[in-house]
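Here are my notes from going through this one, in the order I'd look at things on screen. Have the viewer open while you read.

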Amino acid sequence: MRHVRIRADRNHVVYRAWLGTLLVAAALLGGYASGAFAADAARLTDLRTSVTSDRARLVFDLGAPAEHSVFTLSDPARIVIDIEDVDPTTDLPQALGSSSHIAGIRSAVRNSDDLRVVLDLERPARARSFLLAPAGSYGHRLVVDVLPEGGDGGGSADQPSGPENLRDLVIAIDPGHGGHDPGALGSNGNNESKVVLQIARRLRDLLDDTPGFTPVMTRDSDVYLPLRERIVRAREAQADLFVSLHADAFRDARARGSSVYALSVNGASSEAARWLAERENSADLIGGVSLDDKDEMVASVLLDLSQTATIESSLTVGERILGELGEVNRLHKHSVQQAGFAVLKSPDIPSILVETAFISNPEEERNLTSAAHQRKLARAIRDGLQQYFERRAPPGTHVYARDQASSG
């Protein structure tokens, strides 16, 4: 497929900002009503948590949408989450796990059928919350982020982008395969899933040490994840970029080199058809806009606009990463390729798939299992995406603010 080159400027950043405004406006015109919830009590079936250096995230799994409110209290520091008309069926204190942000969790029923959840904090913090529609294997979810008071963690769309509200760029790192799906096997018995997990961890550590970036792993152990669940996890983390890592294989052991893929137009078209056919079960697009209440034409236009901007961004960041990979490894393809990989089909998160090398090539298999070469590959990927975001970071992020300051 012909490779489309994108001009190296900020046009697509402005375009995506405009697109977000368009989506919100279209939602209002389409009759989007976030408060139109089911009358029956929603079941709270699970509480999942994830913790990064600047945020603790709680995801409440619900059987149906639920009205909620979140506020903070002081002396002692607490965050209170009130969820209306909900039936808890999980042990919230045990589900919390450990967090440096949250000391404990309490809950009680109020007004017969409402649930109050109280988070006891280690130190003063602020909270942000939003609802997610069903997607993949997940149902309705209430997401609550606990953020340092006056710190990073990502401001909401209606907050000013002053220094106290700037956020890190979130990079979702997806080690391919895993668990009962080991991926490709090398001649010396090394399997793809374990090798790319090691590279992913090295990339995570590099991004942890890179100011303005927060990495999130879709998996951090040898477990199997369905392809679409990987996208769901990236969306739950509000990722700015999704990077899937793989190691190629071919029947001819002489095949070698690195490749980078973005979503193809045909892949986007097939995914658009799936979203439009099942849009009542689709996650929100940019700006929190759902497709489920739009007519066919409006939904199709919104989805096409979102996917076009996303593919263009994916191709551009892919070019940067491919250029850096060419400094540490031979390239199998010298331009970003496009294909219909399922993990690339998020319509609103730029997504690339990196084939780090051919594990079926004995020399490249040895390199893939070398700690030193793994670090080189991880550094090349980090440097490529860092170059991309230094010129194309979304407003409201630390990287964007630094770029604006340096450019005068």
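1. Start with the rings. F213, Y388 and F389 are linked into a cluster by ring pairs. Keep in mind that this is a predicted model.

2. How many aromatic pairs does a search of the whole structure find? The search turns up three. One of them is Y261 with F341, an edge-to-face pair with 5.2 Å centre to centre and 90° between the planes. This pair links distant parts of the chain, since Y261 sits in strand β13 (residues 259-263) and F341 in the loop between β14 (337-339) and β15 (351-358), 80 residues apart. Y388 and F389 also make an edge-to-face pair, at 4.9 Å centre to centre with 75° between the planes.

3. The two partners of the Y261 pair are worth a look for burial. Y261 has 16% relative accessibility, so it counts as buried; the cut-off for that is under 20%. F341 comes out at 29% and therefore counts as partly exposed.

4. Next, Q374, which lies in helix α8 (residues 371-392). Is Q374 buried or exposed? With a relative accessible area of 1%, Q374 is buried. Its side chain reaches the backbone oxygen of L368 at 2.7 Å. Leaving aside residues up to four places away in sequence, Q374 touches V195, Q198, I199, R202, N367, L368 and T369.

5. Some of those contacts take you to helix α3 (residues 192-208), where a quick geometry check works out. At 1.5 Å a residue, its 17 residues should span 24 Å, and the end C-alpha atoms are 24 Å apart, which agrees. The buried residues of α3 are E192, S193, V195, V196, L197, I199, A200, L203, L206 and L207. What do they pack against? The list is β10 (169-175), β11 (213-217), β12 (241-248), β15, α7 (362-368) and α8. As background, an α-helix has 3.6 residues a turn, so residues three or four places apart point the same way.

6. Helix α4 (residues 227-236) is another one to check for burial. Seven of its 10 residues are buried, so α4 is largely enclosed by the rest of the structure. The buried ones in α4 are E229, R230, I231, V232, A234, R235 and E236. Just after α4, Q238 takes a positive phi of about 55°, if you want a backbone angle to inspect.

7. Now strand β2 (residues 55-62). Eight of its eight residues are buried, so β2 is largely enclosed by the rest of the structure. Side chains in a regular strand alternate between the two faces of the sheet. Here R55, R57, V59 and D61 point one way, A56, L58, F60 and L62 point the other way, and all are buried. β2 and strand β9 (residues 140-148) run antiparallel and are joined by seven bridges.

8. Strand β4 (residues 78-83) is mostly covered, five of its six residues being buried.

9. β4 and β7 pair in the antiparallel sense over six bridges, and R78 stands opposite D120 in β7. How many bridges join β6 to strand β7? There are eight, and the two strands, with β7 covering residues 114-121, run antiparallel. R106 has V118 as its bridge partner in β7.

Definitions and conventions
Residues numbered from 1 in each chain as written. Predicted model: local features only at pLDDT ≥ 70, side-chain atom pairs only at ≥ 80, totals over all residues. Heavy atoms only, no water. Buried < 20%, exposed > 50% of the residue type's maximum accessible area, 1.4 Å probe, protein only. Helix = DSSP H or I, 4+ residues; strand = E, 2+ residues; numbered from the N terminus. Pairing = 2+ DSSP bridges. Phe/Tyr/Trp six-rings, centres within 6.5 Å; stacked < 30°, edge-to-face > 60°. Polar contact = N/O pair within 3.5 Å; in protein donor to acceptor, adjacent residues only side chain to side chain. Contact = heavy atoms within 4.5 Å. Expected span 1.5 Å × (residues − 1).
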